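Please find below a note on the structure, arranged as numbered points. Each point may be read beside the sequence and the model.

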Amino acid sequence: MTQLALIIDLNVCVGCSACVTSCKEWNTSGPAGFMSDDNPYDKDPTGTFFNRVQTYEVGTFPNTETVHFPKSCLHCEEPPCVPVCPTGASYKREEDGIVLVDYDKCIGCKYCTWACPYGAREIDEHQKVMKKCTLCVDRIYDESLPEAERKPACVMSCPTNARLFGDVSDPDSHVSQLIREEGGYQLMPEWGTKPSNHYLPRRKTRVKIHEDELVRVDNPLTKEQKEHHAPIEGITLDDSSFI
Amino acid sequence: MTNKVLHDAITQPEGRIEVKNTTCYMCACRCGIRVTLRDNEVRYIQGNPEHPLNKGVICAKGASGIMKQYSPARLTKPLLRKPGSMRGDAEFEEISWDKAFDLMEERMAHLRSTDPKKFALFTGRDQMQALTGLFAKQYGTPNYAAHGGFCSVNMAAGMIYTIGGSFWEFGGPDLERSKLFIMIGTAEDHHSNPMKIALSEFKRNGGRFISINPVRTGYSAIADEWVPIKPGTDGALILAIIHELIKTGLYDREFLQDYSNAGQLVNLDKDSDVFGMFARMDITDPEEGCFDHQNQLWWDRHTNRPVRTHTEGADPFLLGEYELEDGTPVKPAFQLLKEQVEEYTPEWAASVTGIPAETIRRLAHEMGITARDEKIELPIAWTDTWGREHQSVVGNPVAFHSMRGTAAHSNGFQTIRAMAILMSILGTIDRPGGFRHKAPFPRPIPPCPKTPNGPDGVKPDTPLGGMPLGWPADPNDLFVDEKGEPVRIDKGFSWEFPLSAHGLMHNAITNAWRGDPYPIDTLMIFMANMAWNSAMNTSEVRNMLNDKDENGEYKIPFLIVADAFQSEMVAYADLVLPDTTYLERHDVMSMLDRPISEFDGPVDSVRIPVVPPKGDCKPFQEVLIEMGSRLKLPAFTTADGARKYRDYPEFITNFETEPGSGIGFLAGWRGKGGEKFMKGEPNPNQWEMYEKNNCVYQYHLPKSYQYMRNWNQGYLTWAQDHRLTRYDEPINIHIYSEVLQKFRLAAEGKRPGKQPPEHLRKRIIEHFNPLPFYSEPLESQLTDKHKYPLNAITQRPMAMYHSWDSQNAWLRQIHAHNYLHVHPSLGEKHGFGDGDWIYVESMHGKVRCMARFSEAVEPGTVWTWNAIGKAKGAWNLGEKANESEKGFLLNHLISEELPTNECGEHISNSDPITGQAGWYDVRVRVYKAEDDADHTLPQFDMMNTLPGMEKRRKWQGFFAGMFTQKKNGGAK
């Protein structure tokens, strides 16, 4: 079994939205396109995006964390969007676990939107079909691309390499190793959807300073003492000794 | 295709595919991009994996370049304001380029042969200062600057006047080898992708990242520790850290002794005219030039007497007080620094910055102990400029980065000098894990170029007698007349702002409108939105642009605006020149400008068009070449006055700084066959060679030349041989700044030569302190802080650059409007809730906007995203667009001039040393707005759509290859 998925490292995601627009520019002109925009230059612009970044604040000042949280289809092992689809348009590929929509079968009924607890689906108001992340299935098997570029567009673009792509069912894969060792977690596992995408949490690097680290025999201040002292004024024992 | 959907999820749609490389320009980062076209339309813009800057990644802006290319806000025709219409009404008629050129030629030729300073050229974030500056110099006007004065000149000047290099284009933190990284006053940009790449790798390698910022967003979000600070107090924090490091002995004494002026003896004879200058040995026949003659003195520990610096075997005291043979009292510069920071205790700084004293002390200890105990030693042999051979390169792995948060304050120069000194006393300059230079830096302190030093430098029909921008080394370098009054319209390089290395574009319009120091005739603005987000006091500046004298003539008689988009500024133009997008033109990121060099050597790059220009768009570069030829400027014409260059690409290939100099705009593939670099005769195939090589030229210095470059003889000789520098002399760090002291002495009347006007003497004496000091920002000093207790700042989001991207259909879905982010305690105090309409008011004006509660902001600070708010109708947005209904500019609250004070009227709201705009000095209060408020204030009349612009689409489904021909979507 193969289950392709994204691992998103919240420890390095700076919330730049590169994944948001690189996904859109790749997919709008590809098999999943177009991805429409309504009111693109007017009030309340809104469009189809397969990937969005939300930002949350956690805690109160000054102990505040700002968390950037990219969200897209999680390609669940038990995708609730599949069984609810009345036409069979929503399906999960056996060969790699990618959840896709067959647009020819989709009637735009939005059952899958209601079933998806993650809000990952986006109806295209102009084509009246449901769209979502395809894990760039049109890139990852494209042998005309150099091997290094057979990755989802969001992974290619991510400036902090916060998005990692691989087979989470292979225990030896890099992504599986990260999930194991860096505390990778799934969103809302209680829903039983078994999301394939995982998130890596924030990790803190701290230092402990010991008191004695401030004390050094080679403290440069010691070099500022004079090597030769000028003769002192007045009488010393040496001047006045009787022996 | 309009509504047909595809079944096959894998097979790419058909079409003719082409792939071309060029350089991004969605911000100033200049990443390499690979553009895929399908049937001549842009299908995909990806980061070029073979480019050294971005290594294949791209940001939200770069990946949205398609929407810039096909934006309906694009200008496509030269336009002339309709006779009888008012500026600002944006009523234009289309004209031909020939007519536009004729108009400009007639006007500009007359000005050039009568009074060239009446023509002014100011440019925005243009990335082509080498060409625009050359044009201004050749024309002969002193009135030229780019955006640096209102951006980050304090960062450039504060560091360059201290260590001979600066952040971003000129140098940066070596995060590959660093262990502790302190980012102070940087939000989400400057720079962008390289910083993101490095930050992520740094964290994954176990580095510790501390962010000091009033707000926790962007990069700060992933910091291991966020240290919230009150805006404008960074200098206080840094000085307290220096205090603690010196007190505890956590400084790198060997580094300071050898590579800075810390041990040099300062003359402290109060009655002397050289008080505060270094004591020097007489040297015979000192060569004139901008380098360190190294004739200063140390007090040697071994012999207990003064010796010339770097005398073999000598070991200088850095502390103490001494007396020269002639009785002159002297102290080492480091002793003076120690005395200067004596009062800056962590407890004092806590009261200024809002950071607990214990935290300040701990930060100092973390920096000092990491620098001392986690040394890096690279097995790289090198030879210093005094002939000493070193078997290794040593690094103290503490790195810093900073940008506008520290710079855009009127105390920013001294703050940044303090930071550069902090980096120096930790021993981190051009060493692994610390700060590293990028070619052509390091440069002498200060660098050699100078402006003319008097009105004689400006003559009819003659190129300017110096550079339009420069680096004054002493008061006699100032560009002032015999009365000490400014020659430049922006008063740059005058006693008001002596070291204004990037000019003061933010005052150019106000000064020209007022006729102070003189009126001008023609103002040419290139891609700078001076009627909106790039102006302080925006509403008034818009009025000034439209203001007439008693004869009914505009106070600024002729206004030329070159821009690719229908920005707010375009509305005020008399003549509009439609520029191309970055995908439609040739460009160079030149070594003569701000190249994209890496730590390990020089890098420059080019843009090569991937699509043809839209409509009648013409690259501004071509406009300058054409005008240079028509006006017969020497650089653009042959000896007999004929046109020298057919077009911009030919100009770039063949131009040399002087005939036969071998130095041109591009460093790569010079020489007839492309066999040379940096210096070499023009190569007719240079563009093709760039094109074949990912549009980038990169040179890797030998390892032994990559570090300690201020003092690395191998590197300095190499730099001289390749014409990066005139001298191969060491560039010692200025812990103590004699340059600043020279200005202070002049103000004290102790120095022959140029003297400041009386009303500025006190200001010069106070601010030209040769050692860094803390002073409250000027605007803050002049504000009733009881009435206006809060600081207000802006930040730039990662997905928008300046005002450029509201016309971008994808990016505006990320930021369509902005809020004022406030701590919830302010809402509680003033009776408003999250999302409520409020007023934010300074002593200059007020803005109505929506509040957004945040726990990620220092409670005495309010902030918003910069330049999201737009004037109604600008950028071809609809009348009800969020940008104008809910978005707002903080600029309305910020004045370009300080209230009248002891230094006079109409003094710029800027750093008194550099003229850096004090954007972040404004003080405000907030209160609840009317219950029925539903849009922001102030509002402006709807801007007209201009001839040649496309209609706004009501909806769109972009699909490359089928979009512009058969629109997917409906026009409105």
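How many helices and how many strands does chain B have?

1. Overall build of chain B. The model is predicted. Chain B contains 25 helices and 36 strands. Its radius of gyration is 28 Å, close to the 30 Å that the globule rule gives for 972 residues, so chain B is as compact as a globular protein of that length.

2. Burial and contacts within chain B. Of the 972 residues in chain B, 64% are buried. If one takes the contacts in chain B between residues at least 6 apart in sequence, 69% of them join residues at least 24 apart.

3. The interface of the two chains. Contact between the chains involves 87 residues of chain B and 74 residues of chain A. On the side of chain B that touches chain A, the elements giving two or more residues are β3 (41-47), α6 (193-204), α7 (218-221), α12 (357-373) and β35 (953-956) of chain B. The most is given by α6(B), with 7 residues. By class, the residues on this side of chain B are 40 nonpolar, 29 polar and 18 charged.

4. Which strand of chain A pairs with β35(B)? It is strand β2 (residues 37-38) of chain A, and the pairing with β35(B) is antiparallel, over 2 bridges. Within this pairing, D38(A) stands opposite W955(B) in β35(B).

5. A sheet in chain B. An open sheet of 3 strands has the order β1-β2-β3 in chain B, and the pairing is antiparallel. Why is one side of β1 (17-23) and of β3 in chain B left without a neighbour in the sheet? Both strands stand at the edges and each has a single partner strand, so one side of each lacks a neighbour there. From one strand to the next, the twist averages 25°. Strand β2 (residues 32-38) of chain B pairs with β3(B) in the antiparallel sense over 6 bridges, and R38(B) stands opposite E41(B) in β3(B).

6. A parallel pair in chain B. Strand β9 (residues 180-184) of chain B pairs with β10(B) in the parallel sense, over 5 bridges. Here L180(B) is placed opposite R208(B) in β10(B). Of the 5 residues of strand β10 (residues 208-212) of chain B, 4 are buried, so this strand is largely enclosed by the rest of the structure.

7. Two packed helices. Two packed helices are described by the angle between their axes and the distance between the axes. For helix α21 (residues 738-747) and helix α22 (residues 758-767) of chain B, the axes come within 8 Å and cross at roughly 145°. The crossing of α21(B) with α22(B) is left-handed. In this contact, F743(B), R744(B) and A747(B) of α21(B) meet R761(B), I764(B) and I765(B) of α22(B). These residues comprise 4 nonpolar, no polar and 2 charged.

8. Is M689(B) buried or partly exposed? M689(B) has 16 other C-beta atoms within 10 Å, so it is partly exposed. Leaving aside residues up to four places away in sequence, M689(B) touches G668(B), W669(B) and G674(B). M689(B) and W669(B) are 20 residues apart in sequence, yet 6.9 Å apart in space, C-alpha to C-alpha.

Methods. Residues are numbered from 1 along each chain as its sequence is written. Chains are lettered from A and ligands numbered from 1 in the order in which they are written. This is a predicted model: local features need pLDDT of at least 70, side-chain atom pairs count only at pLDDT 80 or more; totals for chains, interfaces and linings use all residues. Two residues are in contact if their C-beta atoms, placed from the backbone, lie within 7 Å. Ala, Val, Leu, Ile, Met, Phe, Trp, Tyr, Cys and Pro count as nonpolar, Asp, Glu, Lys and Arg as charged, and the others, Gly among them, as polar. Two strands pair if DSSP finds at least two bridges between them. Axes are lines fitted to C-alpha atoms, for helices over the stretch in contact, and angles run from 0 to 180 degrees between N-to-C directions. A crossing is left-handed if the near helix is turned anticlockwise from the far one by less than a right angle, and right-handed if clockwise. The radius of gyration is taken over C-alpha atoms; the globule rule is 2.2 Å times the number of residues to the power 0.38. A residue is buried if 20 or more other C-beta atoms lie within 10 Å of its own, exposed if 12 or fewer, and partly exposed in between; C-beta atoms are placed from the backbone.
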